[in-house]
Amino acid sequence: MGTQGNGALTDELLKSFRKKLYSEPKNILALNACVKSDPLEVCVQRRVAESSNHVFTHKVDAEIKPMTNQKNSGRCWLFACLNVLRIPFAKHHQIEDFEFSQTYLFFCDKIERANFFLHTILKLLQRGEPIDGRLMSFLLHDPVADGGQWDMVVNIVNKYGVMPKKCFGESFCSEASHRMNGIIKTKVREYTKELQEMVQNKSSQEKLEEKIVGYMEELYRVISICIGVPPESFTWEYYNKNKAYNSVGPITPLKFYEEYVKPHVNVDDLVCLVHDPRPENPIGKTYTVDCLGNMVGGRPVLYINQEVKDLMKYAAESIKKNEPVWFGCDVGKRYNLKLGIQDLKIHDYQLMFGIDIHKSMKKAERLVYGDTCMNHAMTFTGVSVDLDGNPTKFRVENSWGDDKSDKGYMMMTREWFEEFGFEVVVDKKHLPKEVIDMLQIPPKVLPAWDPMGTLAS
């Protein structure tokens, strides 16, 4: 019994698989349960769900309503950043219900990202990168994507500021960006073809730059029509929790950030730490990702590689000081969205399928073999610690609305973050000098397709 010599599955072998499947009663029960049920819901271990709770030894003083919702877009990194900014901002202004405009930052990023991409492509063409090579193929697969990294949002906030959501709300394309993105992708690929022809014809740098300006005028028009044109200045009127009327403005978004937000949270003071356990990327070194960014002349993406226990320690220290923490993870692994639980034990795959999941490979190996990566950014707002002060679980503010999990919040165990957590952003005041000094180390450049850059895709 077996495969044919060429490796094809024989009828005899498939019949043996079927016979063995039906020979075990639990397989029949699992098969029947999955007719109308989500297999992962059937896998949930009740005793783990019942022993999990959304109570924490430390929480930031004020979690602000409403629970944000990025809808059908890849804006998690922007939502997570603005959720970090709004907690101290709203507390200072004594308001309980507030959102910054995620659409405003999304608009600014789309414009800057398109310009950054076109200039990056131009440089690659000028150095002779082949269009069908791995690098160009990777970049052209999803140009001007929705996702982003921490340093990219810092670029946008420092250049354009922020504004209340009431002053620039959502549009169809900000909540469901695929239509707009489809147009942008096609145009950017057309522009790349034209730039390649100009480079081959040895056009001057001045002519190439003029061409890109023309491209950007077209893209600005498309993005503006789809998302809307943000106001150059605005007036924000609001009632505080004591029902007292207040008014701010007219004011520009940049002035608003500098005068009303920055005194409470300065994005320039926040440092990005990652956990990359691959042996070729040692702890204590800095890293960046080739071609990753969103602004010509902007701050580059820069990571300090640290042990995962240190990422959690610095995050816990921040929360104890009433500072929420932006972080990146592989959100889709070992979690139950309905219950809001991220726990390695939440599913019993062995009982359901007769297999184990995520046990045969270590974290570094999952990165190498494409089974894990950073793909979602959220915000820590609470933590529980043991008698020795070590974190045991975190409270997570997501951006998927309040109809899921614990009114939009999730509970994440320490063990889960050790396996699927990759990044935290904390104030440099919580870091020892030797870690801060690492920012001066020239970073190792990871390839554009490296999993440490996937949150921006």
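Predicted model: local features only at pLDDT ≥ 70, side-chain atom pairs only at ≥ 80, totals over all residues.
Which residue just after α8 takes a positive phi, and of about what value?

Analyst: The residue is G161, which follows directly after α8 and has a positive phi of about 75°. Residues are numbered from 1 along each chain as its sequence is written, and side-chain values use heavy atoms, with hydrogens and water left out.

Helix α8 covers residues 150-160, and eight of its eleven residues are buried, so the helix is largely enclosed by the rest of the structure. Buried here means under 20% relative accessible area, whereas exposed means over 50% and partly exposed lies in between, with a 1.4 Å probe and protein chains only. The buried residues of α8 are W150, D151, M152, V153, V154, N155, I156 and V157. The element names come from DSSP runs numbered from the N terminus, where a helix is a run of H or I with at least four residues and a strand is a run of E with at least two.

An axis is a line fitted to C-alpha atoms, for helices over the stretch in contact, and the angle between N-to-C directions runs from 0 to 180 degrees. Angles under 35 degrees count as roughly parallel, those over 145 as roughly antiparallel, those from 65 to 115 as roughly perpendicular, and the rest as oblique. On the α8 side of this meeting are V157, N158, K159 and Y160, and on the α12 side are P253, L254 and Y257. By class, the residues of this contact are five nonpolar, one polar and one charged. Nonpolar covers Ala, Val, Leu, Ile, Met, Phe, Trp, Tyr, Cys and Pro, charged covers Asp, Glu, Lys and Arg, and the others, Gly among them, are polar. Contact throughout means heavy atoms within 4.5 Å.

Helix α6 (residues 102-126) and helix α7 (residues 134-141) have axes that come within 12 Å and cross at roughly 165°, which makes α6 roughly antiparallel to α7. F117, I121, L124 and L125 of α6 make this contact with L135, M136, L139 and L140 of α7, and its classes are eight nonpolar, no polar and no charged residues.

With helix α10 (residues 178-200), α6 packs at an angle of about 25°, and the axes are 10 Å apart; the two helices are therefore roughly parallel to each other. Among the residues in this contact are F106, K110 and F117 of α6, and M180, V188 and Y191 of α10. This contact has eleven nonpolar, four polar and one charged residues. Q102 lies in α6 and counts as buried at 1% relative accessibility. Beyond the residues up to four places away in sequence, Q102 touches T68, R75, L78, F79, L82, K165 and E170.

C76 is buried, with a relative accessible area of 5%, and, leaving out residues up to four places away in sequence, it touches Q70, H376, A377, S399 and L455. N398 sits in the loop between β11 (391-397) and β12 (409-413) and is buried at 3% relative accessibility. Apart from residues up to four places away in sequence, the contacts of N398 include H376, N83 and M410.
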